[in-house]
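Me: I'd like to go through this one slowly, and I'll keep asking what the words mean. Can you show it to me?

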Amino acid sequence: MIRTPFDTPPEEGAAIEVAPGILWMRLPLPMRLDHVNVFALDDGDGWTVIDTGFDSRRGRAIWEGLLAGPLGGRPVTRVIGTHHHPDHIGLAGWLMARQGASLAMTRTAWLMARMLVLDDQPRPPAESLDFWRRAGMPVELLAKRAAERPFNFADVVHPLPLGFDRLSEGQVIRMGGRDWRIAMGHGHAPCHATFWSQDDGLVIGGDQLLPSISPNLGVYPTEPGADPVGEWLDSCERLLPLSRDDQLVLPGHKLPFVGLPFRLRQLIENHRAALDRLAAALAETPRSAVDCFDILFRRRIGEGEFGLALVEAVAHLNRLGRDGRARPVGERDGAVLWGA
């Protein structure tokens, strides 16, 4: 089972010591998942910071308070991004400029972040509109999205300076007085780094190891044939032998938890069950990706969640396609219909 040793998260601008030399802090997010966890590891002459939150005036002000308060005025000498998503690396460039810190990420994560920060789109490109149409986005919502400025990484991610230190599978790095072995996960983000302490039972999980929610597994117009669900299931299977019941996992969202082997098996079973439900539904009636929302999520999807639900529905259809359990069987108003 899963157990959470800490009942409440740190208040804004405060920190909780979760283990000797490791501070847990939180930054707010303007969305349904309203926070991201960040961690500071005491390296003696300064701090290594894991993940950063969005780049915003509020985020910068919170960090100024953290630097002067819980971090005791000592500098951040290194920033580590678990993966390229903006809630995790939004203020990495700012901390580098503000503190003179170095940046460490996987090569793929750094390249993705650099590319997306530079890819500033005033309107959705034709490829995105076609992708949404073929997934079954309603005509009215498609027209609305076509006229709006889309979300751009540059909106919430500080420019990343040229140069970084590469993190690799199996590499051991020193931080917080411990040696940590790096193990990669895929599916939620390519080359997502997780860190496994070789000196005690600590694991830094980012979004790869979450206690009560599953991270978004999405297919995007940049790679419409991708299989993130398959990559996710494979990653969970590969990480399972590293997991132990006594490990304290420090996740990117929600509360630190114990019970990682149970959680990894649960994540695997949940997605396999979703694939089975979807395959059974497609055997009865062909569906577009949007038509699959009720099968996959079993709750109403609002406009604010629609984009994430769409890319995850496409991901599950792509997985069924790779498994030979579903295939495109026709179209309806430009949307691809999938059947068994």
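This is a predicted model: local features need pLDDT of at least 70, side-chain atom pairs count only at pLDDT 80 or more; totals for chains, interfaces and linings use all residues.

Me: What makes a stretch a helix or a strand here?

Reply: Both are DSSP runs numbered from the N terminus: helices are H or I with at least four residues, and strands are E with at least two. As for the angles, axes are lines fitted to C-alpha atoms, for helices over the stretch in contact, and angles run from 0 to 180 degrees between N-to-C directions.

Me: Which strands make up the open sheet, and why are β1 and β7 said to stand at the edges?

Reply: The open sheet has 7 strands in the order β1-β2-β3-β4-β5-β6-β7, with mixed pairing. β1 (16–19) and β7 (165–167) each have a single partner strand, so one side of each is left without a neighbour in the sheet. From one strand to the next, the twist averages 30°.

Me: How do you know that β6 and β7 pair?

Reply: Two strands pair if DSSP finds at least two bridges between them. Strand β6 (residues 102–106) and β7 have 3 bridges, in the parallel sense, so they pass. Thr106 stands opposite Leu167 in β7.

Me: Why is Thr52 called buried?

Reply: Buried means under 20% relative accessible area, exposed means over 50%, and partly exposed is in between (1.4 Å probe, protein chains only). Thr52 has a relative accessible area of 0%, so it counts as buried. Thr52 is found in the loop between β4 and α1. Contact means heavy atoms within 4.5 Å, and leaving aside neighbours within four places in sequence, Thr52 has contacts including Leu27, Val38, Trp63, His88 and Leu95.

Me: What about Val203: buried or exposed?

Reply: Buried, because its relative accessibility is 0%. Val203 lies in strand β11 (residues 202–206). Not counting residues up to four places away in sequence, it touches several residues, among them Trp180, Phe195, Trp196 and Leu250.

Me: How do you know that β9 pairs with β8 and with β10?

Reply: Strand β8 (residues 172–175) and β9 have 4 bridges in the antiparallel sense, and 6 bridges join β9 to β10, also antiparallel. Ile173 has Trp180 in β9 as its bridge partner, while Met184 stands opposite Ala193 in β10. β8 and β9 form a hairpin with 2 residues between them, and Gly176 in the turn has a positive phi of about 60°. The hairpin of β9 and β10 has 6 residues between the strands, and there Gly187 takes a positive phi near 115°.

Me: What makes the span of helix α10 agree with its length?

Reply: The expected span is 1.5 Å times one less than the number of residues. With 20 residues (303–322), α10 should span 28 Å, and its end C-alpha atoms are 29 Å apart, which agrees. α10 also bends by about 25° at Ala309, where the bend is the angle between axes fitted to the seven residues ending there and the seven starting there.

Me: Why are α8 and α10 called roughly perpendicular?

Reply: Angles under 35 degrees count as roughly parallel, over 145 as roughly antiparallel, 65 to 115 as roughly perpendicular and the rest as oblique. Helix α8 (residues 260–284) and α10 pack at about 80°, with their axes 10 Å apart, and are therefore roughly perpendicular. Residues that meet there include His271 and Leu275 in α8 and Glu312 and Leu320 in α10.

Me: What label does the angle between α6 and α10 get?

Reply: Helix α6 (residues 139–147) and α10 pack at about 95°, with their axes 13 Å apart. That makes α6 roughly perpendicular to α10. Leu141, Lys144 and Arg145 in α6 meet Glu303, Phe306 and Gly307 in α10.

Technical notes
Residues are numbered from 1 along each chain as its sequence is written. Side-chain values use heavy atoms; hydrogens and water are left out.
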